[in-house]
Amino acid sequence: MARNALKGHLVTLRANRNRVARTPMRQMFAEDAKRFARFSIGLERLVFDFSKHRLDERAFAALVEVARSANVAKAAEAMFSGRKINATEGRAVLHTALRNRSGEPVLEEGEDVMPRIEAVRRAMTRFATAVRNGDYAVTGGKVTDIVNIGIGGSDLGPAMVTRALSPWHDGPRCHFVSNVDGADLAETFKQIVPATTLFIVASKTFTTQETMRNAETARQWLRRQLGRQDVGGHFAALSTNLAATRKFGIGDERTFGFWDWVGGRYSVWSAIGLSVMIAIGPKRFGAFLDGAYEADCHFRTADYAGNIPVVMALLGIWYRNIWGFETQAVLPYDNRLARFPAYLQQLEMESNGKSVMLDGRSPGTETGAIVWGEPGTNGQHAFYQLIHQGTSVIPCDFLVAARANENLADHHQLLVANCLAQSEALMLGKTLDEAKAELAAAGRSAAEIRRLAPHKVFPGNRPSSTFLYERLDPKMLGTLIALYEHKVFVQGVIWGINSFDQWGVELGKALASELVPMVKGKAEPVGKGKAEPVGKDASTRGLLSAYRAMNGGK
């Protein structure tokens, strides 16, 4: 029977919270010169600093006991070894096999999956190399533009990674289309050359509604632009439905499969990463996999207290369940990681946004934080006001590189200084007495000091973690992504939920399919076929009526 391992520790954790709450972090730092050493973990070319959290050694030890109670290590080995831990869908969870660099077999129902993975990767490598060097040509010759058409993980993963690794782009330009809103595709059409564009259609089943609508529109556009019906050579597919890809006009040699044990939000390591491989080249894509494998090895071998994903997960649980902080901000001080918060939104919120455990019971505690964020320093001039002085406490993750990929005067030093300053300010805050002294030093009158000082108080004692890494390159990006993946997994194990299904997206899909003919004016909102009329609520009926009126009754 599934269990929420956290529940047996709530009394102890709350007692620790009550004790820790009496000592602000600025005092903890003042009293312990070794606090950073106690609460930071090093990994190759990376430091994870979690010293700026509402923790002392007793509270941290109590959190680690939660991981022991949940037997996280055993659960992790079940995942890595190919057991069907995605019980609601009857599937193994083996995205880690996609970046297995050990040479050892990985079994799924007794079969080694590595030969199949390596065969697909060899095919990807051949195709990516041919596209990059011009051996694979389209109507106008060498491919100049790649358009990845997908949605969810089939878009967020490769779109985020290609942007993050843009300094290593030496292949065709990459574009990403996901939204069924025609504006997404229309704007992309303006940026590409039809005769030298390759579209990559990413849909495991080749039936995803938004993706296939966009793919069909792209095909129709190409036919009009090129004045020919046969445009199949301008398409590749990332799918397992060969019958559907062939019918679309895509040859098997341009179709790259993956397996049902690869979840969408964990799929960038698979054939879904083809656009990444074409952009940066197979060798650098291999380095990307190497970085993730390094994180996998760390996760499997490090003790709980020195295990970065485990500590990340425990901190998230500490604040979500014990302190009642509902959101988590991800603040990369790297403009190329602009899509990283959005990527983590799907990873965390689709994985752990669940109100039912594996056995169908309620977990009895909150699960899943609300994840959001933007790059620094832009965010400092937007929402940091709320983070510093608002009534909600928002734990933050800061990410910053020690070395930039550019050499532009002192830009990077200013960036790093801002990043470190923000985490310091969140921790220290500013007391009323400090605000008064600051105003007095500025020559303000006593009346002005009384009036202005309360507005300049910062509560401080606001928690944050910092990832400081040597440089954002393919290997480091792979490591960072995999660390967050394992964080999400650990939290799911502790809460007793399945982090690898997403039934919550199904109802909206079903209702959308039902509404399509109504929106098109081909059916009334009373159900389908011979089924008993189910009707629509007054709001939906009213909106449909208003929509038709605005469209001239169409």
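## A tour of a predicted model

Ser-275 is in contact (heavy atoms within 4.5 Å) with Ile-146, Asn-148, Pro-158, Thr-162, Cys-174, Phe-176 and Ile-200, leaving aside its neighbours within four places in sequence. This residue, Ser-275, sits in helix α11 (residues 274–280). Helices here are DSSP runs of H or I with at least four residues, strands are runs of E with at least two, and both are numbered from the N terminus. With 0% relative accessibility, Ser-275 counts as buried; buried means under 20% relative accessible area, exposed over 50%, and partly exposed in between, with a 1.4 Å probe and protein chains only.

A word on the source before going further. This is a predicted model, in which local features need pLDDT of at least 70 and side-chain atom pairs count only at pLDDT 80 or more, while totals for chains, interfaces and linings use all residues. Residues are numbered from 1 along each chain as its sequence is written, and side-chain values use heavy atoms, with hydrogens and water left out.

### The whole protein

Let us step back to the overall picture. The protein has 21 helices and 15 strands. Its radius of gyration is 26 Å, close to the 24 Å that the globule rule gives for 554 residues, so the protein is as compact as a globular protein of that length. That radius is taken over C-alpha atoms, and the rule is 2.2 Å times the number of residues to the power 0.38. Taken along the principal axes, the C-alpha atoms fill a box of roughly 80 × 60 × 60 Å.

Of the 554 residues, 52% are buried. The accessible surface comes to about 24400 Å², and carbon and sulfur atoms account for 52% of that surface; these areas come from the Shrake-Rupley method with a 1.4 Å probe, and for residues only the protein chains shown count as cover. Among contacts between residues at least 6 apart in sequence, 75% join residues at least 24 apart.

### A pair of helices

Two packed helices are described by the angle between their axes and the distance between the axes. For helix α7 (residues 153–164) and helix α14 (residues 340–352), the axes come within 9 Å and cross at roughly 145°. The axes are lines fitted to C-alpha atoms, for helices over the stretch in contact, and angles run from 0 to 180 degrees between N-to-C directions. The crossing of α7 past α14 is left-handed, a term used if the near helix is turned anticlockwise from the far one by less than a right angle, with right-handed used if clockwise.

On the α7 side, Gly-153, Leu-156, Gly-157 and Met-160 take part, and they meet Phe-340, Ala-342, Tyr-343 and Gln-346 of α14. The residues of this contact divide into 5 nonpolar, 3 polar and no charged. In that count Ala, Val, Leu, Ile, Met, Phe, Trp, Tyr, Cys and Pro are nonpolar, Asp, Glu, Lys and Arg are charged, and the others, Gly among them, are polar.

| Pair | Apart in sequence | C-alpha to C-alpha |
|---|---|---|
| Glu-294 and Lys-475 | 181 residues | 9.0 Å |
| Ala-482 and Gly-291 | 191 residues | 8.2 Å |

Glu-294 belongs to helix α12 (residues 282–301) and counts as buried at 17% relative accessibility. Not counting residues up to four places away in sequence, Glu-294 touches Leu-43, Glu-44, Lys-475 and Thr-479.

Ala-482 is found in helix α19 (residues 474–495), where its 0% relative accessibility makes it count as buried. Its contacts, leaving aside neighbours within four places in sequence, are Arg-99, Trp-269, Ala-292, Ala-295 and Asp-296.

What does Arg-219 contact, leaving aside its neighbours within four places in sequence? The partners of Arg-219 are Val-231, Phe-235, Lys-247 and Phe-248. Arg-219 is in helix α9 (residues 209–226) and counts as buried at 13% relative accessibility.

### Backbone details in the loops

Most residues other than glycine have a negative phi, and most peptide bonds are trans. Against that background, a few places deserve a look.

The peptide bond from Gly-376 to Thr-377 is cis, with omega near 15°. Thr-377 lies in the loop between β13 (370–372) and α15 (384–389).

Arg-45 has a positive phi, near 65°, and is in the loop between β1 (40–43) and β2 (46–49). Its relative accessible area is 22%, so Arg-45 is partly exposed.

Asn-461 also has a positive phi, near 60°, and lies in the loop between α18 (446–452) and β15 (464–469). With a relative accessible area of 15%, Asn-461 is buried.
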